[in-house]
Amino acid sequence: MAILSFIGRVFFVSVFVLSAYQEFSEFGSDGGPAAKALGPKFNVLSKHVATHIGFELPHVEMKHLILGAIVLKSLGSLLFIFGSSVGALLLLIHQAVASPVLYDFYNYDVDKKEFVQLFFKFSQNLALLGALLFFIGMKNSMPRRSSSSSSKKKGPKAKAN
């Protein structure tokens with residue numbers, strides 16, 4: 001049963017590993033195509049935050065954001081494969097932060113082709129987020145095994161007359 005769980009985690013994490021590898025291989029000195037695609041979306045998000053919340057987001061180099069995403073996905077994936085809740089939490093943070101920025105369907109009209117494409121991708125990432133939450137919940141709901149001999153169950157004692 002443990003091997004099936006391990007294989008399932010490997011398949012699940014392959015989504016994150018492959019995207020991190022692609023971003024890393026195209027990274028270059030300027031952050032690659034991911035930084036060019038993220039730049040305008042991050043600027044729109046910054047304007048939304050400044051307008052609605054009144055908080056000015058600091059200027060950040062896009063290549064640093066891409067590098068942070070690569071590190072989060074890589075480290076989170078490695079830890080998640082071995083069953084760590086910390087790895088799932090790192091992947092959860094990445095999904096929660098990156099999905100609304102990358103798949104900004106809310107900036108398009110419902111009739112537009114871009115809305116449907118972005119909403120579909122956002123929904124897929126939402127499913128990954130739900131799976132990570134499920135893993136964390138299941139991991140925390142399972143009783144922990146203790147290795148000490150005093151906690152092992154002992155059979156009933158015979159009554160002494």
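Reader: Where is the place of Ala127?
Author: Ala127 sits in helix 5. Helices (H or I, at least four residues) are DSSP runs, numbered from the N terminus. This is a predicted model, in which local features need pLDDT of at least 70, side-chain atom pairs count only at pLDDT 80 or more, and totals for chains, interfaces and linings use all residues. Residues are numbered from 1 along each chain as its sequence is written, and side-chain values use heavy atoms, leaving out hydrogens and water.

Reader: Is Ala127 buried or exposed?
Author: Look at relative accessible area: under 20% is buried, over 50% exposed, and in between partly exposed (1.4 Å probe, protein chains only). Ala127 has 52%, so Ala127 is exposed. Its C-alpha atom is 23 Å from that of Leu65, 62 residues away along the chain.

Reader: Which residues does UniProt list for "transmembrane region"?
Author: The unreviewed entry lists 65–98 and 118–138. Such annotations may be inferred rather than shown by experiment. Residues 118–138 are 100% helix and 0% strand, with end C-alpha atoms 30 Å apart. Residues 65–98 are 91% helix and 0% strand, yet their end C-alpha atoms are 10 Å apart.

Reader: How many residues has helix 1, and where does helix 1 bend?
Author: For span, take 1.5 Å times one less than the number of residues. Helix 1 has 24 residues and reaches 33 Å from first C-alpha to last, close to the expected 34 Å. For a bend, compare axes fitted to the seven residues ending at a residue and the seven starting there. Helix 1 bends by about 40 degrees at Val13.

Reader: Which residues of helix 1 are buried?
Author: An α-helix has 3.6 residues a turn, so residues three or four places apart point the same way. In helix 1, the buried ones are Arg9, Val13, Phe16, Ala20 and Glu23.

Reader: What lines the largest pocket?
Author: A pocket is an open set of 1 Å grid points where a 1.4 Å probe fits, with protein on both sides within 12 Å along at least five of seven lines; lining residues have an atom within 4 Å of a point. Here 33 residues line the largest pocket, with Glu23, Lys73, His94, Ala98 and Leu102 nearest its centre. Helix 2 gives the largest share, seven residues.

Reader: How many residues line the second largest pocket?
Author: The second largest pocket has 14 lining residues. Ser5, Arg9, Met138, Lys139 and Met142 lie nearest its centre. Helix 1 and helix 5 each supply at least two lining residues.
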